[in-house]
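Please look at the sequence and the model below, and keep both in view while reading.

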Amino acid sequence: MSVLIKDGHIVTAADDYVADILIEGETVAEIGKSLDVSADRVIDASGKYVIPGAIDPHTHMEMPFGGTVTCDDFTSGTTSAAFGGVTSLIDFCLQTPGQSIPDALATWHEKIERCPPVIDVGFHMAITDLHDGGKLEDVAKVPDQGVTSYKLFMAYKGAIMVDDETLFRTMQVAAETGALVMVHAENGDVIDVLVKQALAEGKTEPKWHAATRPPHTEGEATSRAITLAHLAGCPLYVVHVSCEESIAPVAAARAAGWRIWGETCTQYLFIEQKDLEEPDFQGAKYVFTPPPRPPHNHESLWRALNNGVLSAVSSDHCPFRIADQKTLGKGDFSKIPNGGPGIENRLHMLHHFGVREGRMSMNHLVDLCCTQPAKLFGLFPRKGTIAVGSDADIVVWDSDKHLTLSAKTHHTNVDYNLFEGTEVVGAPELVLLRGQVIVDGDELVASPGAGQFLSRARFGQPLETQDAKVAS
Ligand code: URP
Ligand code: ZN
Ligand code: ZN
């Protein structure tokens, strides 16, 4: 099957030009002006952006957490992703404390077999226990299975939080195996004290979620993780940076030339701490971790994205229904399952409020949502750009399409939208995964199983394209 995308305005992290793209099979075969070729399908992309399929490096599908399970499985979650122009995601395979690492990986593979994805899916290994279940020798073998990043939680005491010994030992293994370490950086011990004190004083509403996780708890843990990674000699990626207190240590480490990267998530650019005060328990919709912050942090995050301190924007899609899951924490904010949805709206929000409102270029949006995630997580140059030999993961983006973001129309299983009622201009018109159209306007045209498991390269190593494989 061949596809010719004609006259599109191609935007990659580096380029911006009008040309045709010929796709043969799953990969890009040729790019050029007015290509004189025939194809099985011709797509007229004149007046449209043509960008690489986005990569979401931070999602939680069907994950047991907070006394319940996130309400998207890999079929529903990847369907939602596809409508947002996402063609690859990397999900956290969570070792439940006491479980062995091979068992955890097998559990996540079982999830994608049972609920097959419509886009490509890779895993990070989230290590929660090296005392009872996990063994360092098993951790060392994980990258051989195409899972080339380890994630550790420095918060969620009594559940999935790790101690510094576990964190540091994993970092030492990563330095040996060439894996990237990712951290959820918050001081879980201090937060635990603050939560207990708040509850003892009868402070039970959702707004206390933010009050008991002040920005310095994030800043301290970020600095600690950076120091430990530097000592261990491994690269480090700090997930969901939300505030100035954690931007600063990332900036300092990068300025010193340390191998440190950071991401923020869409919600931290838009949702505010005071949204947690919405009446009738509606504030629980915004209980995600780290919490939403006062708005001066939004501007600091945009600046950190623009000056290269932060390298990526993810969704941290971790959906729990407001009707019957968030309610586990009615009367006790600490029992509200932590997490929010957002996989479908990352490009909508960044394009409208970032590109259209002049905060960033379209090239930069592509860099943050496609190219950097591909490079950092061992998918480049197969993914994350539009180039000869790369997978034909392509979004034809209509920058004039009007859309109102809403739970009534989004495609995730969750019953609310963090950006409910927000009007944006710009949305995918067509989404192609490895040369196959998977979304056409408002219609999903892929079947579950269109997506494949992504075996990723080790940190800093290129992932071979089809062409490179043929040549070698
Ligand atoms: O609240 C959040 N972010 N839930 C998902 C788990 C995590 O911390 O990433
Ligand atoms: Zn986290
Ligand atoms: Zn997360």
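D7 lies in strand 1 (residues 2-11), where strands (E, at least two residues) and helices (H or I, at least four residues) are DSSP runs numbered from the N terminus. Although D7 is not a glycine, its phi is positive, at about 60°. D7 is partly exposed, with a relative accessible area of 35%; buried means under 20% relative accessible area, exposed means over 50%, and partly exposed is in between, all with a 1.4 Å probe and protein chains only.

Before going further, note that this is a predicted model, in which local features need pLDDT of at least 70, side-chain atom pairs count only at pLDDT 80 or more, and totals for chains, interfaces and linings use all residues. Residues are numbered from 1 along each chain as its sequence is written, chains are lettered from A and ligands numbered from 1 in the order in which they are written, and side-chain values use heavy atoms, with hydrogens and water left out.

A positive phi is also found in S34, a residue other than glycine, with a value near 40°. S34 sits in the loop between strand 3 (27-32) and strand 4 (41-44), and S34 is exposed, with a relative accessible area of 58%.

The backbone also has cis peptide bonds. One joins T289 and P290, with omega about -5°, and P290 lies in the loop between strand 14 (260-265) and helix 9 (296-306). Another runs from F380 to P381, with omega near 5°, and P381 is in the loop between helix 11 (362-376) and strand 16 (394-404).

Which residues coordinate the zinc ion (ligand 3)? They are H58 and H60, each through NE2, and D316 through OD, at 2.0 to 2.2 Å; donors are N, O and S atoms within 2.8 Å of the metal (3.2 Å for Na, K and Ca), and sites may look incomplete because water is not among the atoms. The four donor atoms make angles of 86 to 129°, and the site is tetrahedral, a term used for four donors if all angles lie between 85 and 135 degrees. Ideal angles at a metal are 109.5 degrees for four tetrahedral donors. Along the sequence, the donor residues are spaced H-x1-H-x255-D. H58 is buried at 1% relative accessibility, and H60 is buried too, at 4%. The zinc ion (ligand 2) is 3.9 Å from the zinc ion (ligand 3).

H58 and H60 are also among the residues around ligand 1, together with others including F153, Y156, T289 and D316; a residue counts as near a molecule if one of its heavy atoms lies within 4 Å of it. An oxygen atom of ligand 1 is 3.4 Å from a polar side-chain atom of H58, an oxygen atom of ligand 1 is 3.2 Å from a polar side-chain atom of H60, and an oxygen atom of ligand 1 is 2.6 Å from an N or O atom in the side chain of Y156. Taken alone, ligand 1 exposes 270 Å², and the protein buries 100% of that.

Finally, how many disulfides does the structure hold? There are zero, a disulfide being a pair of cysteine sulfur atoms within 2.5 Å. For C71, the closest cysteine sulfur is in C318, at 9.3 Å, which is too far for a bond, and C71 is buried at 9% relative accessibility. For C370, the closest cysteine sulfur is in C369, at 6.0 Å, again too far for a bond, and C370 is buried at 0% relative accessibility.

Terms used: Four donors count as tetrahedral if all angles lie between 85 and 135 degrees; four count as square planar and six as octahedral if opposite donors are over 155 degrees apart and all others between 65 and 115; anything else is irregular. A polar contact is a pair of N or O atoms within 3.5 Å; within protein, one must be able to donate a hydrogen and the other to accept it, and residues adjacent in sequence count only if both atoms are side-chain atoms. Accessible areas come from the Shrake-Rupley method with a 1.4 Å probe; for residues, only the protein chains shown count as cover.
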